[in-house]
Amino acid sequence: MNKGRVLAVFITAATVALIAIGTLWPGKTALQYSGGKNLLRTSSTPQAAVENLGDEIRLRAWGAAYSSLGNKAEFSQSDFVHDLTGYYLSLRTYATLESFEVRPLHASSDQAEVRLRMHWSSVVGPFTTTRDLQVVKNGDRWNVDWPLVRKTVVPPQVIPENYLRWDVIYRGPGDDWGVQDVEAPHVRIVDMHPVQRAEGVVVLGELLNEDVVPAYVSVRATLQSKSGSPISTEGSFDKISHILLPKQVTPFFVNFPNATLSDVGSIRMEPLSGLVSASAGPVIVIENQQLNPAPGATVTGQLVNQSGQVVNIAHILETLYDKTGQVVWVADQYTDHALLPLTPIPFDIHIPEDLARKVSSERTIVETYSVGGVH
Amino acid sequence: MVLASLSLASAQDSRMSLPTTVGAGSAFSIHSTGSGKAVLYIVGPGQALRRDVQLGESTYFPVGSLYNAGHYLVILVAGSSTDNGWVDVVPANTPANLSFLAKPSRLPIGLHNGISGTVYIFDVYHNLITKPTPVSFKLSNPSGSAQQRAVTAHEGVATTEMDSSEKEGFAKFEAQVDGISSTRVVEQVPGSPCGLTMIARPSGKGIQLATNPVRDCSGNAVPDGTIITFTESYDGAQSTADVPLKHGVAQVEIPAHPGATITVASGVVLGNEIHWQK
Amino acid sequence: MTIKATLVLFSILVAPGALLAAQAVVHVQPPDLHGPRQLQDQTATAVVRDYLESWQSLTAALEKNRVDLLDQDFVGTAKDKLTDTMRQQAALGIHTRYQDRAHDIRIVFYAPDGLSVQLIDNVVYDERVVDNKKVLTTQRAHVRYTVVLTPAETRWRVRIFQADPE
């Protein structure tokens, strides 16, 4: 009984002490989420000014961030916000700034250049944007001049579109035995290749829609031991174009974490397909696509949307082949900008360093998502 | 049905007089001997009936009383005594419903035995008619040609296989049994592009690429929406575009690079190659 | 499919379930197909296993007059007819128990599209009829069943279930 009382008194005292510590010396994150003004340092150095701006962007305190800018007279707060979150609906619109890095490039007594690398998180993973900022001394404070990227204006024009669209009327939930149904699209795996990576086994390949209708596709792979018993089953999820138009080919990437290729006797592949409503447009041309060798191997290029419709999100899938034409890796990237008509958007996809030497050629496809037009 | 049934023998010695078989949905009677009131049950997985009866009289079951084919236990309960017997309900002779499964609903042209049709034959009460029954299958192509097969159904089912035609279009696939028919539509679609070719012409600072009308090896137009891939390779770089067919051709404008090699493909089918010198 | 292989399989897979019920003796004959498509051993095994399990569902459903017990194993016409029977039984206040004692099964048709399998089962079962908790009779029947099964997501389901005179 006495022990219980002692414990209760101890817990109460510890709680009171921790509350007091938290109130007097709050953590940085707690301050941010409580909207505490004490978070911000005085902008007494160029680095502090950029750090303050970064914190305000992270908190989406747009008014404070805009007010702190030295060149705010050159644009409106709305322009500033849209420069960061996108003028059109895109991945940026719903992304949150997870963290940022500030790196001074050079400085004088009244002017400095500072690099701000912003690490965003979005529904399809992280992406990073970089801005080189001019920071100007104003009295005893430093202010950031924001290098605003203005909204791209597409010249007024009429772009005729008459791409085919497929709509599917699905059968109801009732029993349809002996009643006609519509055939699922016929798809075929045209290449498959397992690869051992440090993190496990990856099954790579390509899938072709052989049919005359669009298909919603996926690939399921089962690793089987040498005795034929199943080890693990996984499906392709992100590095695949799930909607395939007739005769279109997508890469696929099935990841088996912690698996070892030497334990695998065979692999059972199941291409899955279903009917899906789809449009044959827009056409995206991939221009100036280039394989840049190691170190820092990448595939770079530009996407050009040849239609009149804004593409809000583009998913770029890169299939990398060795000199025998076998798939050695699949890489992907989402554009954080919307693709405006006839406006090139660059992309830069990283290739794993150890595979870069094997890569001899590449093929790029782009899966697009659109919700509206130019306005 | 009844391979051996001890209960049927006992029924014959009992106070009931039962028909051995009854046509599905047909009227029938069960006669009993003795006097007084009793309860008559007819029970099987297909149906369950109960009637209050007067012993010594016939109990009449009108048309449509017992209609699901099956093996039924008949029980007559009079006071503490019980009599049993069996009755078989057999499907009606006349087909009334067909379950016709034609697969696939869409397939490439020129496939031998690519289309299958399976028909199950039922009477008006959805009992499977298991006696041998002639079935005719007919696949009518849009060109007017037709394939026909005569098949005898065994155990209520008949099946056949047909070839898809060399011409694209919707074919009518019909199964017919004793004046009852069921029709399905089978779409025969063109095969992969064959002899894929493109032409290139200058267009401002770019190149306008366009395929010639894309056809399969039988001369059918490949459907619009089919993806054609153009690839331009130059100086270690390339430009590519996946373009859907529109009105039978695919076209796109790409940047011009002197010395570039331009190729065209659709799926795994390769087309011609152009070396751009301008 | 060999008879031996099938019998061995059913002594492993089916017998435990059957033991719980009443140890039905199962004999599977080699397929005698009258269609163009050949039947894989694996498919035949799955069809027979699912069909035998359907008897357990049927027994439980008709004994308790519970339609939901049919959901796993029956579909289409077979389910509709059994459902109607249960409603009739419930309205009359009767219950029936169909306890299978022996099966002699032969697969006779496999559709070219793979979407139906037909089998013939010479089955022996005991039928017990109960009216308001009073057992009226228990009788043994020897019946030839024509059964059509169609594939669902994870198993074969009975679509046609019909006793026929030979």
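How much area do chain C and chain B bury between them, and what percentage of it is on carbon and sulfur atoms? About 3700 Å² goes under between chain C and chain B, with 60% of it on carbon and sulfur atoms. Buried area here is the accessible area (1.4 Å probe) that two parts lose on being put together, summed over both.

## Ground rules

This is a predicted model, so local features need pLDDT of at least 70 and side-chain atom pairs count only at pLDDT 80 or more, while totals for chains, interfaces and linings use all residues. Residues are numbered from 1 along each chain as its sequence is written, chains are lettered from A and ligands numbered from 1 in the order in which they are written, and side-chain values use heavy atoms, with hydrogens and water left out.

## Chain C against chain B

Counting contacts (heavy atoms within 4.5 Å), 45 residues of chain C touch 44 residues of chain B. There are two salt bridges between chain C and chain B, where a salt bridge means a side-chain nitrogen of Lys or Arg within 4 Å of a carboxyl oxygen of Asp or Glu. One of the salt bridges pairs D131(C) with R50(B), the closest N and O atoms being 3.1 Å apart.

The rule also finds 16 residue pairs in polar contact between chain C and chain B, both partners at pLDDT 80 or more. A polar contact is a pair of N or O atoms within 3.5 Å; within protein, one must be able to donate a hydrogen and the other to accept it, and residues adjacent in sequence count only if both atoms are side-chain atoms. On the chain C side, the elements giving two or more residues are α4 (76-92), β2 (94-110), β3 (117-131), β4 (134-151) and β5 (156-163) of chain C. Helices (H or I, at least four residues) and strands (E, at least two) are DSSP runs, numbered from the N terminus. The largest share of that side comes from β4(C), with 12 residues. By class, the side of chain C that touches chain B has 21 nonpolar, 15 polar and nine charged residues. For those classes, Ala, Val, Leu, Ile, Met, Phe, Trp, Tyr, Cys and Pro count as nonpolar, Asp, Glu, Lys and Arg as charged, and the others, Gly among them, as polar.

## Chain B against chain A

Over at the other interface, 40 residues of chain B are in contact with 38 residues of chain A. The area buried between chain B and chain A is about 3000 Å², and carbon and sulfur atoms give 53% of that. In chain B, R106(B), Q238(B) and K246(B) lose the most area to chain A, together making up 20% of what that side buries.

R106(B) turns up again in a salt bridge with D211(A) (2.9 Å, N to O), and the rule finds one salt bridge across this interface. Chain B and chain A also have 13 residue pairs in polar contact, both at pLDDT 80 or more. On the chain B side, β9 (97-103), β16 (180-189), β19 (227-234), β20 (237-244) and β21 (251-255) each give two or more residues. β20(B) gives the most, with eight residues. By class, that side of chain B divides into 19 nonpolar, 13 polar and eight charged residues.

Strands pair here if DSSP finds at least two bridges between them. Q238(B), in β20(B), stands opposite Q289(A).

## Domains

Domain bounds come from an automatic or database domain assignment. For chain B it gives domain 1 (6-90), domain 2 (97-189) and domain 3 (198-276), and the C-alpha centres of domain 1 and domain 3 of chain B are separated by 78 Å.

For chain A the assignment gives domain 1 (25-145), domain 2 (181-277) and domain 3 (281-369). In chain A the C-alpha centres of domain 1 and domain 3 lie 30 Å apart, and their contact takes eight residues from domain 1 and nine residues from domain 3. These two domains of chain A bury about 730 Å² between them, 69% of it on carbon and sulfur atoms. Y88(A), L91(A) and R92(A) supply 55% of the area that domain 1 buries against domain 3, more than any other three residues.

## The R92(A) link

Side chains of opposite charge can pair when their charged atoms come close. R92(A) and D336(A) meet in a salt bridge (2.8 Å, N to O). R92(A) sits in the loop between α5 (77-85) and β1 (96-107) of chain A, and D336(A) in the loop between β17 (327-334) and β18 (345-350) of chain A, 244 residues apart.
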